[in-house]
Amino acid sequence: PCARDTGVVLMRSHVVAPSRRLDPEAARRVEEIAADYPDFSVTFDAQCFLQSGHFAGTDEVRARAFLAAANDPSINVLWFARGGYGSCRILDAVVGELSPQAENKTYIGYSDTGYFLSALAARGVGQAVHGPMVADVMREGGHVAVRRVLDFLGGDEHALEPSLKDVPAA
């Protein structure tokens with residue numbers, strides 16, 4: 001049976017913005033696309049839409065949002081909203097506060113969120129995935145990038161970059 005028919009969601013993805021604010025239209029578009037994936041739930045932290053300068057909230061607010069999601073055992077995937085150097089500003093505040101629940105997640109992003117991905121990978125925390133972010137949905141053809149993430153999370157090997165087919169990855 002379909003996950004939505006039974007009320008059971010197999011994969012819970014949560015979007016956080018460790019850097020810049022997310023346009024609410026991007027969230028709406030991703031939610032629309034995710035509706036085609038009945039085994040997935042994509043939620044957006046309210047912090048994604050805050051604004052403090054050009055950041056999605058203060059450093060403290062962004063760090064708390066990341067930690068709450070990373071340490072939440074009901075969340076399987078942390079999907080970064082978008083890039084920006086704000087992520088490096090909060091990295092030191094979060095890495096020491098990660099609980100064992102953070103180790104069982106997939107973290108998806110690129111650009112400046114590579115700071116997070118590298119730090120998590122270096123500590124053996126979760127699966128760091130260099131892939132499209134939520135804000136990419138606003139680019140021309142961005143819906144394809146979002147579907148690629150959701151396909152990847154569903155185990156579709158066609159979602160991987162073709163040049164990586166024979167490259168070992170962990």
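The model is predicted, so local features need pLDDT of at least 70 and side-chain atom pairs count only at pLDDT 80 or more, while totals for chains, interfaces and linings use all residues. Residues are numbered from 1 along each chain as its sequence is written, and side-chain values use heavy atoms, with hydrogens and water left out.

**Nonpolar cores**

- In soluble globular proteins, nonpolar side chains tend to be buried together.
- A nonpolar core here is a set of buried Ala, Val, Leu, Ile, Met, Phe, Trp, Tyr and Cys residues joined through side-chain atoms within 4.5 Å.
- Buried means under 20% relative accessible area, exposed means over 50%, and partly exposed is in between (1.4 Å probe, protein chains only).
- The largest nonpolar core has 26 residues, and Val15, Leu22, Val30, Phe44, Trp79 and Leu150 have the most contacts inside it.
- At least two residues of this core come from each of strand E1 (11–16), helix H2 (24–34), strand E2 (40–44), strand E3 (77–80) and helix H6 (142–153).
- These labels follow DSSP runs, numbered from the N terminus: helices are H or I with at least four residues, and strands are E with at least two.
- Helix H2 gives the largest share of this core, five residues.
- Another core lies apart from it; this one has 22 residues, among them Phe66, Ala119, Leu120 and Met133.
- Contact means heavy atoms within 4.5 Å. Beyond its neighbours within four places in sequence, Leu150 is in contact with Ile33, Ala34, Tyr37, Phe40, Val42 and Trp79.

**Helix H6**

- The expected span of a helix is 1.5 Å times one less than its number of residues.
- For the twelve residues of H6 that should give 16 Å, and the end C-alpha atoms are 17 Å apart, which agrees.
- Which residues of H6 are buried? They are Gly142, Ala145, Val146, Val149, Leu150 and Leu153.
- These residues sit on the same side of H6, because they cover an arc of only 135 degrees around the axis; the arc is that of the directions from the helix axis to the C-beta atoms.
- An α-helix has 3.6 residues a turn, so residues three or four places apart point the same way.
- The buried residues of H6 pack against E1, H2, E2, E3 and strand E4 (106–109).
- Just after H6, Gly155 takes a positive phi of about 90 degrees.

**Cysteines**

- How many disulfides does the structure hold? The number is zero, where a disulfide is a pair of cysteine sulfur atoms within 2.5 Å.
- The cysteine sulfur closest to that of Cys48 is in Cys88, but it is 18 Å away and therefore too far for a bond.
- Cys48 is buried, at 0% relative accessibility, whereas Cys88 is partly exposed, at 30%.

**Aromatic rings**

- There are seven aromatic pairs in the structure.
- Rings of Phe, Tyr and Trp (its six-membered ring) pair if their centres lie within 6.5 Å; planes under 30 degrees apart count as stacked, over 60 as edge-to-face and the rest as tilted.
- The Phe66 and Phe80 rings are stacked, because their centres are 6.3 Å apart and their planes are at 20 degrees.
- This pair links distant parts of the chain, with Phe66 in helix H3 (residues 59–70) and Phe80 in strand E3, 14 residues apart.
- Phe66 is buried at 1% relative accessible area, and Phe80 is buried at 0%.
- Phe66 and Tyr107 form a tilted pair, 6.2 Å centre to centre with 35 degrees between the planes.
- Tyr107 belongs to strand E4, 41 residues from Phe66, and is buried at 0% relative accessible area.
- Ring pairs link Phe66, Phe80, Tyr107 and Phe116 into a cluster.

- Glu32 is found in helix H2 and is exposed, with a relative accessible area of 54%.
- Arg62 is found in helix H3 and counts as buried, at 1% relative accessibility.
- Not counting residues up to four places away in sequence, Arg62 touches several residues, including Gln47, Phe55, Arg89 and Ile90.
- Most residues other than glycine have a negative phi, and most peptide bonds are trans.
- Ser111 is not a glycine, yet its phi is positive, about 60 degrees.
- Ser111 lies in the loop between E4 and helix H5 (114–122) and is partly exposed, at 44% relative accessibility.
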